[in-house]
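Trainee: I have a model open and want to learn how to read its side-chain contacts. Where do we start?

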Amino acid sequence: MSAPDRLHLDPIAEARRQWADHGWGDAADGMAAVTSLMRAQQIALGRVESVLRRHGVTFARYELLMLLYFSRAGALPMTKIGLRLQVHPTSVTNAVDRLETAGLVRRTAHPTDRRTTLVELLDAGRELALAATNELNAEVFRDPGFSPAGVLSLVDILTEMRRGAGDF
């Protein structure tokens, strides 16, 4: 938001106050934490997507490209992609369809298991992934909007939340 668009008060702090005033004081801090997390996700995703838009991919497709980039063979089974990205198989299929249409990946038959379809990273996908990563590092990841100590604290806090939810 530009300076003229900034609010004169923190709406989440106001919601926390209202929560407590309406008798939900025991849940006010948790509501503020979850709402802050969701707003922060919107801010971070907006920054990331502004970079990725220049490359014609969404964050979900970028994640898939990077997963393939980091794989030893440059290819993974569709089912393994879904597990590693923690998304539904339909989402994997949709992302692969889009990336394949763009000439960034291709589906291939598994050499020893006819039931398995591999997704292979093509040179154009590798180049796009590297270019997008360089820009994300420069424009977002090196300065995510808070101090280096804050970054480490946030990672610890979110890891605790993810572990508690059964992510790993």
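Trainee: How many salt bridges does the count come to?

Mentor: Keep in mind that this is a predicted model. The count comes to 10 salt bridges. To call one, look for a side-chain nitrogen of Lys or Arg within 4 Å of a carboxyl oxygen of Asp or Glu.

Trainee: How far apart are the closest N and O atoms of Arg-54 and Glu-135?

Mentor: They are 2.8 Å apart, and the two residues form a salt bridge. Now check where each partner sits. Arg-54 lies in the loop between α2 (25-53) and α3 (59-70), and Glu-135 lies in helix α6 (residues 123-141). The partners are 81 residues apart, so this pair links distant parts of the chain.

Trainee: Which residue forms a salt bridge with Arg-107?

Mentor: Asp-97 does, with the closest N and O atoms 2.6 Å apart. This pair also links distant parts of the chain: Arg-107 is in strand β2 (residues 105-109), Asp-97 in helix α5 (residues 89-101). They are 10 residues apart. Arg-107 is partly exposed at 27% relative accessible area, and Asp-97 is partly exposed at 34%.

Trainee: And which residue pairs with Arg-106 in a salt bridge?

Mentor: Glu-120, with the closest N and O atoms 3.0 Å apart. Here strand β2 holds Arg-106 and strand β3 (residues 117-121) holds Glu-120. The two are 14 residues apart. Arg-106 counts as partly exposed at 39%; Glu-120 is partly exposed at 23%.

Trainee: Which residues are linked in a network of salt bridges?

Mentor: Glu-14, Arg-17 and Asp-21. Read them together, as a network.

Trainee: Now the rings. How many aromatic pairs does the count come to?

Mentor: Three. One of them is Tyr-69 with Phe-70, at 5.6 Å centre to centre and 70° between the planes. Planes over 60 degrees apart count as edge-to-face, so this pair is edge-to-face.

Trainee: What is the relative accessibility of Phe-70?

Mentor: It is 63%, so Phe-70 counts as exposed.

Conventions. Residues numbered from 1 in each chain as written. Predicted model: local features only at pLDDT ≥ 70, side-chain atom pairs only at ≥ 80, totals over all residues. Heavy atoms only, no water. Phe/Tyr/Trp six-rings, centres within 6.5 Å; stacked < 30°, edge-to-face > 60°. Buried < 20%, exposed > 50% of the residue type's maximum accessible area, 1.4 Å probe, protein only. Helix = DSSP H or I, 4+ residues; strand = E, 2+ residues; numbered from the N terminus.
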